[in-house]
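Here is a colleague's note to read alongside the sequence and the model. The points begin with the ligand and then turn to a single residue.

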Amino acid sequence: MTRVFVPRDSAAIALGADRIAAELTQRLPDIEIVRNGSRGLFWLEPLLEIETPDGRIAYGPVSLNDLDSLIQAGFLNGGDHPLRQGDIEQHAYWRDQNRLTFARAGITDPVSLDDYLAHDGYRGLRNALAMTPEGIVKQVTDSGLRGRGGAAFPTGIKWNTVLNAEGEQKYIVCNADEGDSGTFSDRMVMEDDPFLLIEGMTIAGLAVGATQGYIYLRAEYPHAHAALNEAIAKAYQAGYLGDNIQNSGHRFDLEVRLGAYAYICGEETSLLESLEGKRGLVRYKPPLPAIVGLFGKPTVVNNVISLASVPIILDKGGDYYRDFGMGRSRGTMPLQLAGNIKYPGLFETAFGMTLRDILYKYGGGTATGRPIRAVQVGGPLGSYIPESQFDTPLDYEAFAQLSAVVGHGGIVVHDDTVNMADMARYAMEFCVEESCGKCTPCRIGSVRGVEVIDRIINNQERAKNIELLKDLCDTMLAGSLCAMGGMTPYPVLSALKHFAEDFGIEPSAANSN
Ligand SMILES: Cc1cc2nc3c(=O)[nH]c(=O)nc-3n(C[C@H](O)[C@H](O)[C@H](O)COP(=O)(O)O)c2cc1C
Ligand code: SF4
């Protein structure tokens, strides 16, 4: 029976993959359809792959209208067709990646535990079960892994704090609220390789002595929700979750909880409030969640990608992971190319690649064919980066020197038709919408920010209002309780600094004091 892979990732579903799978089942009853994950080459989705004696042959982007001609061309035997992509692993966009975290995505059936095990799954947990908690934490520390949710805090140090914290009950909380603009790597892990996250969280539990885990999942991710629940049920059945994991005597339970449709609920303390059933208000720090976290207990809060990076570290060792990357940015980062870009998708690479390579060599420039004018890296609170800085390597410290962030690795591209004063206004407006309201610089400052930018755009006392905007940004930067208000000035000030002409002023006026 010929196996045909039709992705079940929501990017492929949005482009018609479910309808194609249904039609193929009806028209070709003798084939076996495998609903794999996405390989992340979105412009080729739905990307069908046929298992042939010469390996998997890909066709994409396939629409329902293409099925007749594909069948006529003998696609089940790898026949020639304008949509034939051949062995997709030879495509530069795939071949040049360092797929550590996304090693299985697009290849396996995401909810098949057998497939997971056949593709090196649960090797990290097997090693971890033979180690002491300190030994596991050491591997993670040695790997140099830093949190992929945004703040880039060293994961090993966080785990060590929870390991050493006093508490009868400890928790592992996975931050799967993924609210940043242009980001989808968390969603892809959960839809395309959910056992990986389950394994990473189980290892985290062993490392710090936590017996209960929660995945706080963005409520707008129904496909991830379904895939996680199916995988969790299978992990319980097979003894990979529950009170005696693989007969080790260790317990770890795991549940998915849906988020509250609020960007601020991705901030870790607000997330914990929401998980406790309360309104998502940011908590004061200290105490850190590692000491006083969920229900007042020591808690690891980690992003999906941070936790999904752990199994390979425990499988191959911290040094193996550390060998990728540069400086203090170790391992790989799954970049997400979005916005006005010719080849959007997921590109996992070792730290160190330049933005220019990502944007042009792999991203292919803009979809409109016009020059790239600005990219926003790291979500709605990230700085706008102009063309003159595209040779910056992907590295936390190099980005910090530009007053920019790598964040969660989302890259949103704009061509030369963008108006950067409008984008600055949008950043303030976003903060008005999403502020939790607890502190004044953010709650009131963002409203005043929209007003002052409107006055600048409308040329009302422009010079005076530019100074006022800078002053306001200073107050928000220094006086906000969390990074929502504290980083909203990043996109605003970077737009002003690099694109002063869009505000109707000379660059020297934007960059004074
Ligand atoms: C406004 C705001 C929104 C955030 N949203 C997310 C999010 O959606 N996902 C995430 O992992 N981290 C998010 N963070 C970062 C978390 O507060 C926290 O740093 C992260 O979950 C820690 O995990 P990590 O160390 O693995 O990155 C957000 C932070 C802020 C200030
Ligand atoms: S900065 Fe904004 S989101 Fe953060 S605590 Fe203050 S009001 Fe809430």
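1. Ligand 1 is surrounded by 20 residues, the closest being G149, N175, N302, N303 and S306, where a residue counts as near if one of its heavy atoms lies within 4 Å. This is a predicted model, in which local features need pLDDT of at least 70 and side-chain atom pairs count only at pLDDT 80 or more, while totals for chains, interfaces and linings use all residues. Residues are numbered from 1 along each chain as its sequence is written, chains are lettered from A and ligands numbered from 1 in the order in which they are written, and side-chain values use heavy atoms, with hydrogens and water left out.

2. By class, the shell around ligand 1 has 5 nonpolar, 9 polar and 6 charged residues. Strand 9 (299-303) and helix 21 (483-487) each supply at least two residues of that shell, and the largest share, 3 residues, comes from strand 9.

3. Several oxygen contacts of ligand 1 can be checked in the model: a polar side-chain atom of S306 lies 2.6 Å from a ligand oxygen atom, whereas a backbone N or O atom lies 2.9 Å from one in the case of E268 and 3.4 Å in the case of R148. Taken alone, ligand 1 exposes 610 Å², of which the protein buries 91% (Shrake-Rupley method, 1.4 Å probe).

4. D9 counts as buried because its relative accessibility is 0%, the cut-off being under 20% relative accessible area (1.4 Å probe, protein chains only). D9 and M188 are 179 residues apart in sequence, yet 7.1 Å apart in space, C-alpha to C-alpha.

Key. Polar contact = N/O pair within 3.5 Å; in protein donor to acceptor, adjacent residues only side chain to side chain. Helix = DSSP H or I, 4+ residues; strand = E, 2+ residues; numbered from the N terminus. Nonpolar A, V, L, I, M, F, W, Y, C, P; charged D, E, K, R; others polar. Buried < 20%, exposed > 50% of the residue type's maximum accessible area, 1.4 Å probe, protein only.
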